[in-house]
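Here are my notes on the structure, as numbered points. They begin with the whole chain and then turn to single residues.

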Amino acid sequence: MSSSVILVTGGTGLVGSAIRHIIETEPAGSRFGKKPGEKWVFVSSGEGDLRDPEQTRKLFEKYKPTHVIHLAALVGGLFKNMKYKLTFLRDNILINDNVLHTSHTTGVKKVISCLSTCVFPDKVTYPLDETKIHLGLPHESNFGYAHAKRMVDVQNHAYKDQFGDNFTSAIPTNVFGPHDNFDLEGSHVIPGLIHKCYLAKKNGTPFVVMGTGKPLRQFIYSYDLAKLFIWQLREYDDVEPVILSVGEDEEVSIKQVADAIVKAMDFQGEYTFDTTKADGQFRKPASNKNLLSLMGGYEFAPFDKALDETVKWFLANYDNARTGLNGRPTGH
Ligand code: NAP
Ligand code: GDP
């Protein structure tokens, strides 16, 4: 009989697959490895649509989790967020409310939900830190997603104040890695550009990057993020969110990202920027000082190496990856 059951909602996505990989491959005794008596369950929307309270209740009844890492969400890059603001707002509010409420009513001991640095105010002093989430309106491009995700922090505080529940949240920056959503329209910038560069090389067409290439982002490799989630599950017991990020001095421009993809793909063709397309927020650098002091330090994978591994994974798994071209779902 397992002494703890850790349910990972959204367990088949980019971040969930990375947590599964780390849990299955870290050596016994490692800070991030599986512990004796633990049962990890990774669920997709196929096992229950978490927008629906009854399906959520049945899922919890089936697995009886003691701990929940809550990743399930409607997720997308800048262009999908701009197009479906109400759907991002509503789906994510429903999913989060169902997961938190069912965790509460079934006595789950701890929940870590996933926010994003997109939730921070647009007009704010940098670097972002955990105290600034509610200090102003988010960027207009993703206000549906941002408002839904901010509410999780409000809910966590309310559950703690009224009932003493141990609910908290993580705030990652832009994530990339194996098993990402490589859809051409709806994905984030790295998987979207990897796929576009692949097609440009294959078809002898130009590689077109959206926007000016000037915006700056912090990127985190999914395998690093997975370890940080496992650390947070085991070693952090406060309601306040923790930013899970590389250092604020590690911002990369979209042009640098595109250059790195061109290099990793060995793409020799024409490469341009479509400046009629949106740039989104110019930058949103986040501090990882709190994380590093809580953890006592952490070594992140170098960006170019992690990008190379992701490109290799994409090339090796093209037929089965979420490309939007092979019938695999890329978002609800
Ligand atoms: P992803 O690859 O798109 O995976 C999303 C996961 O959520 C999938 O397992 C999906 O199941 C599940 N899901 C979606 N709608 C659902 C529903 N209605 N009911 C049940 N499950 C549902 O996303 P990700 O990039 O791993 O994101 C994980 C978490 O990190 C999310 O909370 C996201 O907001 C956050 N985040 C992501 C990024 C990023 O750059 N990717 C950055 C910051 C924060 P199916 O496989 O069945 O569709
Ligand atoms: P964000 O970090 O939440 O803004 O989300 P994204 O991962 O979608 O990154 C958006 C940035 O990448 C913007 O500056 C876009 O103009 C730029 N970008 C360039 N090409 C692409 C692309 O093919 N897809 C996406 N999503 N963004 C792109």
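1. Aromatic pairs. This is a predicted model, and a search through the whole of it finds 20 aromatic pairs. One of them is formed by F219 and F303, whose ring centres lie 5.8 Å apart with 35° between the planes, so the pair counts as tilted rather than stacked, a term kept for planes under 30 degrees apart. F219 belongs to strand 9 (residues 219-221) and F303 to helix 10 (residues 303-316), so this contact ties together parts that are 84 residues apart in sequence. Both F219 and F303 are buried.

2. A second pair. Y271 and F273 also form a tilted aromatic pair, with 5.6 Å from centre to centre and 40° between the planes. Y271 counts as partly exposed because its relative accessibility is 25%, and F273 is likewise partly exposed because its value is 26%. The cut-off that matters here is 20% relative accessible area, under which a residue is called buried.

3. Aromatic cluster. F219 and F303 also belong to one aromatic cluster, together with F176, Y221 and Y223.

4. Overall form. The protein has ten helices and twelve strands. For 332 residues, a compact globule would have a radius of gyration near 20 Å; the protein has 19 Å, which agrees. Along the principal axes, the C-alpha trace spans about 60 × 40 × 40 Å.

5. Of the 332 residues, 55% count as buried. Among contacts with a separation of 6 or more, 79% are between residues 24 or more positions apart. The accessible surface comes to about 14,700 Å², and carbon and sulfur atoms account for 53% of that area.

6. Charge. There are 38 positive and 39 negative side chains. The centres of the two sets lie 3 Å apart.

7. H139. Is H139 buried or exposed? H139 counts as buried because its relative accessibility is 12%. H139 is found in the loop between strand 4 (110-114) and helix 5 (143-163). Leaving aside neighbours within four places in sequence, the contacts of H139 are F120, D122, G280 and Q281.

8. The cis peptide bond. Which residues does a cis peptide bond join? The bond is between Y126 and P127, with omega about 0°. Most peptide bonds are trans. P127, like H139, is placed in the loop between strand 4 and helix 5.

9. S253. This residue lies in strand 11 (residues 252-253). S253 is buried because its relative accessible area is 12%. Not counting residues up to four places away in sequence, S253 touches G213, K214, P215 and L216. The C-alpha atoms of S253 and T212 are separated by 10.0 Å, and the two residues are 41 residues apart along the chain.

10. Positive phi at H179. Most residues other than glycine have a negative phi. H179 is not a glycine, yet its phi is positive, at about 70°. H179 is found in the loop between strand 6 (174-176) and helix 6 (189-203). H179 counts as partly exposed because its relative accessibility is 34%.

11. Positive phi at D266. D266 also has a positive phi, about 50°, although it is not a glycine. D266 is in the loop between helix 8 (254-265) and strand 12 (271-274). With a relative accessible area of 46%, D266 is partly exposed.

12. G269. Where does G269 lie? G269 is in the loop between helix 8 and strand 12, the loop that also holds D266. G269 is partly exposed because its relative accessible area is 43%.

Key: Residues are numbered from 1 along each chain as its sequence is written. Chains are lettered from A and ligands numbered from 1 in the order in which they are written. This is a predicted model: local features need pLDDT of at least 70, side-chain atom pairs count only at pLDDT 80 or more; totals for chains, interfaces and linings use all residues. Side-chain values use heavy atoms; hydrogens and water are left out. Helices (H or I, at least four residues) and strands (E, at least two) are DSSP runs, numbered from the N terminus. The radius of gyration is taken over C-alpha atoms; the globule rule is 2.2 Å times the number of residues to the power 0.38. Buried means under 20% relative accessible area, exposed over 50%, partly exposed in between (1.4 Å probe, protein chains only). Contact means heavy atoms within 4.5 Å. Accessible areas come from the Shrake-Rupley method with a 1.4 Å probe; for residues, only the protein chains shown count as cover. Lys and Arg count as positive and Asp and Glu as negative; His and the chain ends are not counted. The place of a charge is taken as NZ of Lys, CZ of Arg, CG of Asp or CD of Glu. Rings of Phe, Tyr and Trp (its six-membered ring) pair if their centres lie within 6.5 Å; planes under 30 degrees apart count as stacked, over 60 as edge-to-face and the rest as tilted.
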